[in-house]
Amino acid sequence: MNTEPGITCIENGQLIDGTGAEAIADGSLIFENGVITYAGPKSEAPELPATTRRIDAKNGSILPGLVEAHFHATYFNIRSLEDLDIKYPVEYVSMLASVNCRLALECGYTAARSGGCLFNVDVWLKKAIDNDLIPGPRLSPSGREICSAGGLMDWNPEFRKIGMEGLVFIINGAEDARKAVRALVKDGIEWVKTYPTGDAAAPDVNDHHTLCMTFEEMDAVVKTAHNHGMKVTGHCRATEGIKNALRAGYDTLEHGTFIDDEALEMILARDVPVIPALYFEKASVDHGPEFGLPQRVIDGHQETLDGGAESALRILRAGGRIGMGGDYGFGWNPHGTYAKELTYFTKEVGFTPLETLMCATKTGAEIMGMGDQIGTLEAGKLADVLVVDGDVLADIAILEDRKNLQAVIQGGVIKAGTMAPRQETSVTVDG
Ligand SMILES: [Zn+2]
């Protein structure tokens with residue numbers, strides 16, 4: 001990824017560094033050749049040469065670029081889960097996914113961790129983004145997901161004779177689990193996404209209390225993945241499924257909806273980050289009827305929303321780590337509305353704005369395994385920065401409107417926002 005040569009100074013705004021520390025009212029952020037050299041009060045900032053590029057934050061907010069920690073670039077605002085299986089070929093899905101990546105960056109998300117993808121599109125999106133062929137967040141890719149037979153993503157009855165080749169490996173037993181992970185080894189993915197539990201969305205197959213994958217299957221996935229340097233996450237709602245995933249050594253938990261005291265202790269003991277992805281539930285409740293979701297499915301989403309919110313607050317208050325990622329890519333929860341997750345956690349769950357922003361920056365970067373490079377505004381880190389017109393601590397919802405984003409900066413380069421130069425298509429494709 002290209003960086004901007006020279007020195008840049010962003011000033012005249014409140015500086016929120018992403019560590020959870022109080023904001024600095026009149027802050028300065030200085031970076032040189034794409035790397036931060038100073039983040040602190042303007043009054044203590046070093047002298048800078050006359051050639052310094054200066055960005056006026058106009059009494060707004062300067063914060064780290066946001067990290068979407070449960071990103072589905074390849075989910076194309078589907079109207080039902082079946083769309084993932086039968087609607088488009090991979091060629092068109094790839095194009096839609098590249099548009100979603102550009103959109104995420106324009107929304108202030110300079111990095112994203114995948115929560116699962118169709119075919120092996122993520123890895124190639126990452127390559128295209130890293131090589132500046134397309135704009136998008138720095139991507140921590142996953143690949144085809146793993147689900148046991150009869151589980152959440154195995155919805156085709158036998159008579160359809162169509163598989164889930166593009167989305168999931170359907171497994172039966174530990175040997176199948178190992179086989180599926182080994183098939184992913186050479187793809188270049190970082191995250192193996194699995195489905196240990198069911199979901200309110202599919203009450204006919206398996207409701208959200210059902211255990212789908214066995215411990216043996218989860219254990220086989222983790223041992224094989226770790227052996228090959230890959231990390232494992234899973235769709236974990238039901239209490240026993242959460243505990244089995246933790247016992248098996250999962251690196252993160254998606255959702256972590258219904259935890260009990262023992263599960264909380266296990267999460268804290270291994271400091272496993274949890275990504276609740278609540279806005280998907282909220283949107284399912286609010287817009288489900290327009291998309292034909294049955295009332296009992298909507299009721300299930302409401303229960304999941306309430307349970308997930310309660311668990312997230314418990315985990316954070318007990319000293320655990322929460323990532324912000326809203327599971328966007330569904331018709332009722334479309335790409336481009338990512339910051340609604342942050343508003344929801346601040347206004348409905350009980351996180352303070354500083355806590356929410358820490359989860360959406362520092363913790364997100366840690367989940368990606370990039371905590372030493374991005375996620376906070378500190379000297380030595382890459383200049384992935386968001387300059388917002390307005391006070392995000394007074395009203396975090398201003399992040400939802402792209403018109404409020406003055407500059408979305410990645411590696412020191414202004415990639416989007418009202419200050420961004422008009423983009424000309426000019427790329428060199430490698431052989
Ligand atoms: Zn998801």
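## Nonpolar core

The largest nonpolar core holds 123 residues, of which Leu-29 and Val-221 touch the most other members. Helix α11, covering residues 353-368, gives the most to this core, with seven residues. Residues of the core come from both domain 1 (7-65 + 375-416) and domain 2 (66-368), so the core lies between the two domains. The model is a predicted one.

Leaving aside residues up to four places away in sequence, Leu-29 touches Ile-10, Leu-15, Ile-36, Ala-39, Ile-62, Leu-377 and Val-385. In soluble globular proteins, nonpolar side chains tend to be buried together.

## Domains and their contact

The protein is divided into domain 1, made of 7-65 + 375-416, and domain 2, made of 66-368. Taken over C-alpha atoms, the centres of domain 1 and domain 2 are separated by 30 Å.

Contact between the domains involves 23 residues of domain 1 and 27 residues of domain 2. On the side of domain 1 that touches domain 2, at least two residues each are supplied by β5 (61-64), β16 (405-410) and β17 (413-416). Of the elements on that side of domain 1, β16 gives the most, with three residues.

## Surroundings of Thr-74

Thr-74 is placed in the loop between β6 (66-71) and α1 (83-86). Thr-74 has 26 C-beta neighbours inside 10 Å and therefore counts as buried, the cut-off for a buried residue being 20 or more.

Not counting residues up to four places away in sequence, Thr-74 touches Val-93, Ala-97, Cys-117, Leu-118 and Val-121. Thr-74 and Leu-125 are 51 residues apart in sequence, and their C-alpha atoms are 9.9 Å apart in space.

## Packing of α6 and α7

Two packed helices are described by the angle between their axes and the distance between the axes. For helix α6 (residues 239-248) and helix α7 (residues 261-270), the angle is about 25 degrees and the axes are 10 Å apart. Angles under 35 degrees count as roughly parallel, and α6 and α7 are therefore roughly parallel to each other. The crossing in which α6 passes α7 is left-handed.

The residues that meet are Thr-239, Ile-242, Lys-243 and Leu-246 on the α6 side, and Glu-262, Ala-263, Met-266, Ile-267 and Arg-270 on the α7 side.

Methods:
Residues are numbered from 1 along each chain as its sequence is written. This is a predicted model: local features need pLDDT of at least 70, side-chain atom pairs count only at pLDDT 80 or more; totals for chains, interfaces and linings use all residues. A nonpolar core is a set of buried Ala, Val, Leu, Ile, Met, Phe, Trp, Tyr and Cys residues joined through C-beta atoms within 7 Å. A residue is buried if 20 or more other C-beta atoms lie within 10 Å of its own, exposed if 12 or fewer, and partly exposed in between; C-beta atoms are placed from the backbone. Helices (H or I, at least four residues) and strands (E, at least two) are DSSP runs, numbered from the N terminus. Domain bounds come from an automatic or database domain assignment. Two residues are in contact if their C-beta atoms, placed from the backbone, lie within 7 Å. Axes are lines fitted to C-alpha atoms, for helices over the stretch in contact, and angles run from 0 to 180 degrees between N-to-C directions. Angles under 35 degrees count as roughly parallel, over 145 as roughly antiparallel, 65 to 115 as roughly perpendicular and the rest as oblique. A crossing is left-handed if the near helix is turned anticlockwise from the far one by less than a right angle, and right-handed if clockwise.
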